[in-house]
Amino acid sequence: MANKLLLLTRENDQYRQLLAKHSLPDLEIVDDILVDTGDDTLSNINDADIWLAEPHLAAPLLPHATALKWLQSTFAGVDALMQPSLRHDYLLTNIRGVFGPLMSEYVFGYLLSHYRHHAQYTQQQHQQLWRPGSYRTLQGQQLLILGTGSIAQHLAITAHHFGMTVSGLNRQGALVSGFNRIDTMDKLADYLPHAHVIVSVLPDTPQTKHLLNAENLPLLKPDTMLFNIGRGNAIDLTALQTELMLCPQRQAILDVFEQEPLPANHPLWHYDNVTITPHIAAPSFPEQVVQIFSQNYCRWQQSKSLHYVVDASHGY
């Protein structure tokens with residue numbers, strides 16, 4: 001019996017082509033109309049037992065997914081599917097294991113640019129100035145990573161190449177290789193004052209909401225660099241705004257926000273010590289998504305456990 005796959009992405013044509021190259025047996029891709037809500041579309045939604053979908057596109061259609069057994073998210077983040085009002089009676093898998101190198105490029109690109117004064121020397125070049133300046137090195141700097149999953153582990157390995165010391169915090173203080181120290185998230189206030197660089201790769205859960213807030217953000221060093229590349233809810237932006245105004249030497253590099261796009265009238269757009277990027281630190285490339293989906297589909301056919309299953313009770 002063939003499995004029916006419903007594509008719910010903004011790049012359906014590309015996904016079709018990539019899936020065709022994998023020649024997955026007993027897999028039929030059904031019509032992928034996204035906007036029309038007529039009987040034909042609902043019929044396809046009703047018939048498809050497997051979805052390959054962007055979470056925000058899948059969420060509103062779940063009530064019609066009577067045959068759905070497995071949903072492969074094309075993203076790492078699945079918070080759009082975690083709402084309590086939505087059903088969770090299907091197997092949900094996400095994308096993992098491919099974002100570490102991309103996140104490292106993002107974080108260390110900005111870190112090196114800041115520590116080695118790239119902007120200053122670019123400006124001096126335009127002025128034909130030969131003016132060597134002093135700079136700090138990453139060697140010996142303390143990196144604190146909030147979350148210790150695959151992305152954090154890749155960041156930690158990269159940091160060690162630059163001679164940094166790396167601490168990681170997770171829910172239970174479970175030991176993870178690649179870190180100099182691991183501790184529980186409730187010890188956050190003990191680690192913030194010592195960190196030169198802080199990177200949040202946390203998922204969006206009730207426990208992570210505004211983890212960095214008005215109570216603990218003042219603990220940061222005056223020149224700390226703070227990255228948020230996980231989910232936007234980890235930082236209270238109002239509290240962060242206050243701290244960045246009080247300490248202009250602090251730098252915030254923000255790729256994710258509770259409200260996306262960040263409203264055009266938000267004050268942070270105009271802060272000199274803030275860098276805002278539009279959720280692009282580590283995009284999901286269709287080639288990588290299809291590779292992971294294909295591996296999982298083969299396991300699905302063999303009744304084996306799938307990779308990267310999301311625990312709805314935890315939200316990741």
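This is a predicted model: local features need pLDDT of at least 70, side-chain atom pairs count only at pLDDT 80 or more; totals for chains, interfaces and linings use all residues.
Student: What's the relative accessible area of Y308?

Tutor: Y308 has a relative accessible area of 30%, which puts it in the partly exposed class. That class lies between buried, under 20% relative accessible area, and exposed, over 50%, with a 1.4 Å probe and protein chains only. Residues are numbered from 1 along each chain as its sequence is written, and side-chain values use heavy atoms, with hydrogens and water left out.

Student: Good. Where does Y308 lie?

Tutor: In the segment after helix 9 (286-301). Helices here are DSSP runs of H or I with at least four residues, strands are E runs of at least two, and both are numbered from the N terminus. The phi of Y308 is near 65°, a positive value in a residue other than glycine.

Student: Switching to aromatics. How many aromatic pairs are there?

Tutor: The count is five. The rule takes rings of Phe, Tyr and Trp (its six-membered ring) with centres within 6.5 Å; planes under 30 degrees apart are stacked, over 60 edge-to-face, and the rest tilted.

Student: Why is Y106 with Y110 called edge-to-face?

Tutor: Because their planes are at 65°, with the ring centres 5.1 Å apart. The two residues are four apart in helix 4 (residues 100-115), which means about one helical turn separates Y106 from Y110.

Student: Which of them is buried, and which partly exposed?

Tutor: Y106 is buried, at 7%, whereas Y110 is partly exposed, at 30%. Helix 4 also holds M103, which is buried at 7% as well.

Student: Which residues do ring pairs link into a cluster?

Tutor: W70, F293, Y297 and W300.

Student: Which charged ends sit over rings?

Tutor: R116 has its charged end over the ring of Y135, 3.8 Å from the centre, and R136 has its own over Y115, at 4.3 Å. The test is NZ of Lys or CZ of Arg within 6 Å of the ring centre and within 35 degrees of the ring normal.

Student: How many salt bridges does the whole structure have?

Tutor: Seven, where a salt bridge is a side-chain nitrogen of Lys or Arg within 4 Å of a carboxyl oxygen of Asp or Glu. One of them joins D79 and R231, N to O 3.2 Å. That pair links distant parts of the chain, 152 residues apart: D79 is in the loop between strand 4 (70-73) and strand 5 (91-93), and R231 in the loop between strand 10 (225-228) and helix 8 (237-246).

Student: What about burial in that pair?

Tutor: D79 is partly exposed at 27%, while R231 is buried at 17%. Another bridge is R87 with D89, closest N and O atoms 2.7 Å apart; R87 is partly exposed at 22% and D89 exposed at 56%.

Student: Which residues line the second largest pocket?

Tutor: D79 turns up again, along with M82, Q83, P84, D204, T205, P206, A312, S313, H314 and G315. The space is about 220 Å³. On a 1 Å grid over the protein atoms alone, a pocket is an open set of points with protein on both sides within 12 Å along at least five of seven lines, a cavity is a set where a 1.4 Å probe fits but cannot get out, and lining residues have an atom within 4 Å of a point. Points are joined across faces, edges and corners, and the volume is the space filled by probe spheres set on them.

Student: How does that pocket lining divide by class?

Tutor: Four nonpolar, five polar and two charged. Nonpolar covers Ala, Val, Leu, Ile, Met, Phe, Trp, Tyr, Cys and Pro; charged covers Asp, Glu, Lys and Arg; the others, Gly among them, are polar.

Student: And what volume does the largest cavity have?

Tutor: About 50 Å³. Helix 8 gives the most to its lining, three residues.
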